Amino acid sequence: MEPIRTDFKGYEGKFVALDARTGKIVLADEDPRVVLEKAKGRNHVVVRGRVPYPDEPLYVGLG
Amino acid sequence: MSALAELDQLPWLYPYREDPQHTRLGQPVFRPFVQVSLANGDTSTTMLDGLVDTGADAILASGLLADQLGIDLSEHEGEVHHAVGGRTMNTRYKTVTMRLHPGSGEVHEHREWSTQVGFVENWHSYSLVLLGSVGFLDRFTVTASRFAQAVAVEDQDAFDRRFGIVPPA
C-alpha cells in the first residue's frame, strides 16, 4: 500500500485533525479541546495530535 | 465485540501514515496508526489516530480524553508513575469502551470492547493514544509491515490459525 502523506507545513505548534482517506488537514487549533470538539461525529475526520516545531526536542516514548 | 462487527469482517487494513516528526535524518517518517475512539456510557470521543506500539504494556491515552468522556480520574482503578524520555508521568487507569474503526474512518462502523485505559496527565503530543499489549494487542492479531507500509488487524485467533500454538522455548 502507499502510505498516506500529510503536508504539516504551517501547522507547527497546532493540534490537527485529518481526513483519514487523504491525510489532508481539515482542522487545526492551538487548543486541543477545540479540535476534539469540532471533529466530533464527523465522518472520516480523525484527530492526530500536535505538530512540533522543527527545532523542538524529540522525545522517545510518550512525546 | 459489537454487533456492528458482523457488517464488515476482518481483516481491516490501514496504510501507514506520515508523522510530523522528522527523526530519520530529514526523511519522512511513516507510522502504524489505526483509527480508534473511546466511549464512556453515552459519551464518546471523536475518532483518533492511535499508534500501534508493541513496546507499550497497555493502552495509554491523553488525560484530555478523560475530560472529554466526563471521567473523574480521582475515582481511578489504579495509578502508576511512568518514567519515559527522562520525565515522570502520572497515569490513572479506568475501564472504558474502546472502538476500532476501519481505515477509511467510517465513524459509525466499529468493533468495540471494554478495557482499562491509562490516562496520562499533561500528555498532549503527536498522538493522543498508544495502543499497547493489554487491551489492544491481546484482542486482535495485528501485523505491522514497514515493507508493505500497512497494518493488518485480524481476528484474535488468526495468529494461532496461521502458525499453530507456539510452545514455550
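Me: Leaving aside its neighbours within four places in sequence, which residues is B:Val129 in contact with?
Reply: Happy to start there, with the reminder that this is a predicted model. B:Val129 belongs to the largest nonpolar core, where B:Val129 is listed with A:Ala17, B:Val34, B:Ile59, B:Ala61 and B:Leu131 as touching the most other members. Setting aside neighbours within four places in sequence, the contacts of B:Val129 are B:Val36, B:Leu48, B:Gly50, B:Leu51, B:Ile59 and B:Ala61.

Me: How many residues does that largest nonpolar core hold?
Reply: The residues touching the most other members include A:Ala17 from chain A and B:Val34 from chain B. The core therefore has members in both chains, given that a core is a set of buried residues joined through C-beta atoms within 7 Å. Its membership comes to 51 residues.

Me: Which element gives the largest share of the side of chain B that touches chain A?
Reply: Let's begin with the whole interface: 36 residues of chain B are in contact with 32 residues of chain A. On the chain B side, strand E1 (12–15), strand E2 (17–24), strand E6 (47–52) and helix H1 (63–68) each supply at least two residues. The largest share, five residues, is that of E2(B).

Me: How do the residues on that side of chain B divide into nonpolar, polar and charged?
Reply: This again concerns the side of chain B that touches chain A, to which 36 residues of chain B belong by contact. They divide into 18 nonpolar, 14 polar and four charged.
The predictor's score for the complex can be read alongside: the ipTM is 0.92.

Me: Why is one side of E1 and of strand E12 in chain B left without a neighbour in the sheet?
Reply: The sheet is open and antiparallel, with three strands in the order E1-E13-E12 (chain B). The twist averages 15° from one strand to the next. E1 and strand E12 (141–145) stand at the edges, so one side of each lacks a neighbour, since each has a single partner strand.

Me: What is the bridge partner of B:Trp12 in E13(B)?
Reply: E1(B) pairs with strand E13 (residues 150–154) of chain B in the antiparallel sense, over four bridges. Within this pairing, the partner of B:Trp12 in E13(B) is B:Val153.

Me: Which element of chain B has the lowest mean pLDDT?
Reply: Chain B averages a pLDDT of 90, with 91% of its residues scoring at least 70. Among its elements, E13(B) has the highest mean, 98, while the lowest, 80, belongs to E2(B).

Me: What pattern does chain A follow along the sequence?
Reply: Chain A has one helix and three strands. Of its 63 residues, 35% are buried, and its C-alpha atoms fill a box of roughly 35 × 30 × 25 Å along the principal axes. Read along the sequence, the pattern is β-β-α-β.

Key
Residues are numbered from 1 along each chain as its sequence is written. Chains are lettered from A and ligands numbered from 1 in the order in which they are written. This is a predicted model: local features need pLDDT of at least 70, side-chain atom pairs count only at pLDDT 80 or more; totals for chains, interfaces and linings use all residues. Two residues are in contact if their C-beta atoms, placed from the backbone, lie within 7 Å. Ala, Val, Leu, Ile, Met, Phe, Trp, Tyr, Cys and Pro count as nonpolar, Asp, Glu, Lys and Arg as charged, and the others, Gly among them, as polar. Two strands pair if DSSP finds at least two bridges between them. Axes are lines fitted to C-alpha atoms, for helices over the stretch in contact, and angles run from 0 to 180 degrees between N-to-C directions. pLDDT is the predictor's confidence in each residue, from 0 to 100. A residue is buried if 20 or more other C-beta atoms lie within 10 Å of its own, exposed if 12 or fewer, and partly exposed in between; C-beta atoms are placed from the backbone.
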